[in-house]
Amino acid sequence: MPTSTASAVWNGKLKDGTGNFRAETSGAFQGQYTFGTRFEGQKGTNPEELLAAAHAACFSMALSGVLEKAGTPAERITTTAHCTVEKAEGGFRITKMRLETRGRVSGADAAAFKRA
């Protein structure tokens, strides 16, 4: 299996510093983040958004494989991941990752899709 690489740099103090990240392997994405975009709901991206995107992508692809193996290949699977970060003892932590998935799968009813 190939190894994927991404990097991040943080400049300055925690609350007034700035950071940026980048996909090193593909160069497909890059972005900037701050304490405000991460913990205070300010407009912009944050590392948890990247984790949510990765989780949604991985889950959709894996579900496609399960459905195909069951003889009902998917035409389309859409997953939205909601990553919740909360202040906890000693800092912040991800407390919840909720996935919402919809699919277009010929030959599978809702119960079969849910089992998969």
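The model is predicted: local features need pLDDT of at least 70, side-chain atom pairs count only at pLDDT 80 or more, and totals for chains, interfaces and linings use all residues. Residues are numbered from 1 along each chain as its sequence is written, and side-chain values use heavy atoms, with hydrogens and water left out. The chain holds three helices and five strands, in the order β-β-β-α-α-β-β-α from the N terminus. Helices (H or I, at least four residues) and strands (E, at least two) are DSSP runs, numbered from the N terminus.

**Overall form**

- The radius of gyration of the chain is 18 Å, whereas a compact globule of 116 residues would have one near 13 Å. This radius is taken over C-alpha atoms, and the globule rule is 2.2 Å times the number of residues to the power 0.38.
- Along the principal axes, the C-alpha atoms fill a box of roughly 55 × 30 × 25 Å.
- Of the 116 residues, 20% count as buried; buried means under 20% relative accessible area, exposed over 50%, and partly exposed in between (1.4 Å probe, protein chains only).
- The accessible surface comes to about 8,500 Å², and carbon and sulfur atoms account for 52% of it. Such areas come from the Shrake-Rupley method with a 1.4 Å probe; for residues, only the protein chains shown count as cover.
- Among contacts between residues at least 6 apart in sequence, 32% join residues at least 24 apart. A contact means heavy atoms within 4.5 Å.

- Strand S1 (residues 6-11) pairs with S2 in the antiparallel sense over six bridges; two strands pair if DSSP finds at least two bridges between them.
- The S1 and S2 hairpin has six residues between the strands, and Gly 12 there takes a positive phi near 95°.
- S2 and strand S3 (residues 30-33) run antiparallel and are joined by four bridges. Their hairpin also has six residues between the strands, with Gly 27 in the turn at a positive phi of about 70°.
- Arg 22 of S2 is the bridge partner of Ser 7, and Arg 22 also stands opposite Gln 30 in S3.

**Strands S4 and S5**

- Strand S4 (residues 76-88) and strand S5 (residues 91-104) form an antiparallel pair over 13 bridges.
- Ala 88 has Gly 91 in S5 as its bridge partner.
- Two residues lie between the strands in this hairpin, where Gly 90 has a positive phi near 85°.

- Thr 79 lies in strand S4 and is buried, at a relative accessible area of 12%. Beyond its neighbours within four places in sequence, Thr 79 is in contact with Ala 56, Phe 59, Ser 60, Leu 99, Glu 100 and Thr 101.
- The C-alpha atoms of Thr 79 and Leu 99 are separated by 6.5 Å, although the two residues are 20 apart along the chain.
- Ser 60, in helix H2 (residues 47-69), is buried at 14% relative accessibility. Not counting residues up to four places away in sequence, Ser 60 touches Ile 77, Thr 78 and Thr 79.
- Thr 72 is in the loop between H2 and S4 and is buried at 13% relative accessibility. Leaving aside neighbours within four places in sequence, the contacts of Thr 72 are Leu 67, Val 105, Ser 106, Gly 107 and Ala 108.
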